[in-house]
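Please read the points alongside the structure.

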Amino acid sequence: MKKLRKAYIALIMAFLYAPIVLLILYSFNDSKSRANWGGFTLRWYKELFSDAAIMSALGTTLSIGVLAAVISTILGTVGAIALYQMKRAPRKVLLSVVNLPMLNSEVVTGVSLMLLYAMANIQLGYLTLLLSHVAFCVPYVVLSVMPKLRQLDPNLAEAAQDLGATPMQGFFKVILPDLMPGVFSGFIMALTMSIDDFVVSFFTTGSGVSNLSITIYTMAKRGISPKINALSTLIFACVFVLLVGLNLRDFRKDGRSQNKLNEVKIPY
Amino acid sequence: MKKTAMLLLSLALVLCPLFALAQETISVYNWGDYIEPEVLTLFEQETGIKVIYETFETNEDMYAKIAMGGSSYDVIIPSDYMIQRMIQENLLQKINWENIPNVANIDPRFMNESYDPNSEYSVPYTWGTMGILYNTEMVDEAPTSWNTLMDPTYTMDMLMLNSPRDTLAIALVMTGHDLNSTDPADLEDAKNLLIEQKPMVLAYVVDEVKDKMIAGEAAVALVWSGDATFCMSESDELDYVIPEEGSNIFFDSICIPANARNVSGAEKFIDFLCRGDIAAMNYEYVGYAIPNTAAIDIIGADEYNASPVNNPPQEVLDKCQVFNYLGDETKLYDQIWTEIISEF
C-alpha cells in the first residue's frame, strides 16, 4: 500500500512538473523549433538580456506586481476588518460586490475598466494599469484575511485597551500580528494574480507600457522564441530558491519534536 | 508671502513653454515580434521622433481597444478583413500619398486590393498565402492541387488547420465555390467535404503544425506561408506549394486611425517603413513575404525568389482571394465548424 502511495505521488509530480522540465530543457536548445535538438547553448539567455522590450516588460511586471500587491494588501486588510464589523445584511451585500472581479470574466473586467478610463479621460498607461491590478487583487486579499478575522478572540481589542494601549497601538501590536498569516497569504495571492494577468492588463494599458504577459501573448502569431523559455527558467529558479528558503526556515523554527505532535496518523 | 507667491507664479509661467519642447512622439500598434527593433532606433535617430510601440495578438483585440476609444494610436498594422471593417465603420483616415513618396516602392500588384479598393487607407506591410507544406521524403510526388488533402494515401499523415475561417475557405475552393461565400448551400458542400476528410486527418492544429512538420510526423499540412518559411528554414526536407486552384492571400497593411494625434509623424514613419533598405532589414527579421520591390532589389531577386513562398506563379496568385469581413455571418462559419469538429 505504501508503494502504491509513493507511485501515485510520483505520477502526480511528473504530471505537474514534466512541462516545466521540458520548458527548462528547451531553453538550452540550439534550435528555434521544439522538434530538433540542436545542441546545448546559452545563446537564448544572452539574447534575452539584450532584448530591451522583454527586459522593460519584466521590469513593469515586477514593479506593478509588488506595488499592486502592497496597495491591495493594505486596502484589503483594512476593508476586511471594516466588513467584519458590519451588520449581517450590509456585510453580505458588500462581500458580493467585493467578490465581483473574481467571478466576472476577465474580458468583462478589462473592457469595462477601459471604458471607465475613457469616460474619465484618463490616458491609458502605467497608472491605469496599476489601478486595474489593485482592483482585481483586493478581493483575494479580503478573502484571505476574513477567515483569520473570524478566528480572532473577540475580546482581544478590548483587553489591549484595558491594559492601556491606544486603539492604534492595539491594532498594530495585538490584532495585526494575529492576522499576519492571512495578510501574508493575501499578499502572495495578489502578487501572483498580478504577475500572471494578461486580459485586464491588455485592455487597460497604453503609452507603450507593456507587461510580460502581454509581450509573450502577442508573440503568438509568430511563435514563441526560446528567449521566453530562458526567462521562464530564470523566474522558476528564483521562485524555487525562495520557496525552499522559506520552508527551510519554517522547519528550523518549529523544531522536529513539535512537528511530530501535530502529525495525524493515517493507519495505512 | 505675497512676494514668494508672485515669484513662484512667474517661474511657472516661464517654465510652461518648456513643455512644448517635450519630444515629439508617435504611437505604433503592431503584431508581436513583427518589426526589426533596429528599425525603430534608426527612425528615432533620423527624425528625432520617439516611437511608443505596443503589440497585440489578434485583430479583434486591436479592434476592441481602438473602437472603444481606449487609446489613440498614430500607426496601426491590421489584417485585410479588419481594415475593410474599420473603413466601413469610419475608424481609419485617408492617407495623403504626397507625404509618402516611398509608396512608389510598393509592387502595384499588391495595391488596390478588395479590402481597400483604391488604396486610400492602407499600404501593405507583409503578405502571405495559404498552401500545402509537404515533406519531400514522405510524398510520392510533389502536390499541385488541393485534392492531395483528400488523397487516401495520406491517411493519418495530414494536418489541417484548427481555424474555422481558413479551413472552410479551402473547402469552399475545393468544392468550386467562392471562398468568401456565405451561401448556406455552398457552406453545406464545404462541410460535407471536410466531414468526409475527417477520418484521414491526423490532427487539427494551429501552432503545433510547425514542430510536427519539422519532426516529420506528417507528410502534408495545410499551413500559412509564414509558418512554412519557418519550417523550411529548420528542415531541408520540407517544401511549400500553393495549389493551382487558387487559395487565400492575406495582407497585413499599415493604416492611420481616424483619431491619430500625430498624423505628420505617422506619415514620416510609414514613409520610413516603405524605404527599400528599411523594408529589407525588416524582411531579414520577420521573414514574411514583402510587397516592396526596392527592398527585393537590395536583398537580391534571386535569393528572395528562391523561396516558393515569396514567388508563386502569377497564374496561381491571380486565383488567390483576400478574405472579406463577414460581420454577423461569422456565426454561420462557427456553427458549421462546430458541426464538423463534433462529427464522429
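1. Two residues are taken to be in contact if their C-beta atoms, placed from the backbone, lie within 7 Å. Helices (H or I, at least four residues) and strands (E, at least two) are DSSP runs, numbered from the N terminus. The model is predicted: local features need pLDDT of at least 70, side-chain atom pairs count only at pLDDT 80 or more, and totals for chains, interfaces and linings use all residues. Residues are numbered from 1 along each chain as its sequence is written, while chains are lettered from A and ligands numbered from 1 in the order in which they are written.

2. In chain A, Thr61(A), Ile64(A), Gly65(A), Ala68(A), Ala69(A), Ser72(A), Thr73(A), Gly76(A) and Thr77(A) of H3(A) meet Leu179(A), Val183(A), Gly186(A), Phe187(A), Ala190(A), Leu191(A), Ser194(A) and Ile195(A) of H8(A). This contact comprises nine nonpolar, eight polar and no charged residues (Ala, Val, Leu, Ile, Met, Phe, Trp, Tyr, Cys and Pro count as nonpolar, Asp, Glu, Lys and Arg as charged, and the others, Gly among them, as polar).

3. Helix H3 (residues 52-85) of chain A packs against helix H8 (residues 167-196) of chain A at an angle of about 140 degrees, the axes being 8 Å apart. Axes are lines fitted to C-alpha atoms, for helices over the stretch in contact, and angles run from 0 to 180 degrees between N-to-C directions.

4. Chain B is assigned domain 1 (24-127 + 250-310) and domain 2 (128-249 + 318-341), with bounds from an automatic or database domain assignment. The C-alpha centres of these two domains of chain B are 27 Å apart.

5. Between the domains of chain B, 17 residues of domain 1 are in contact with 15 residues of domain 2. On the side of domain 1 of chain B that touches domain 2, H4(B) gives the most, with four residues.
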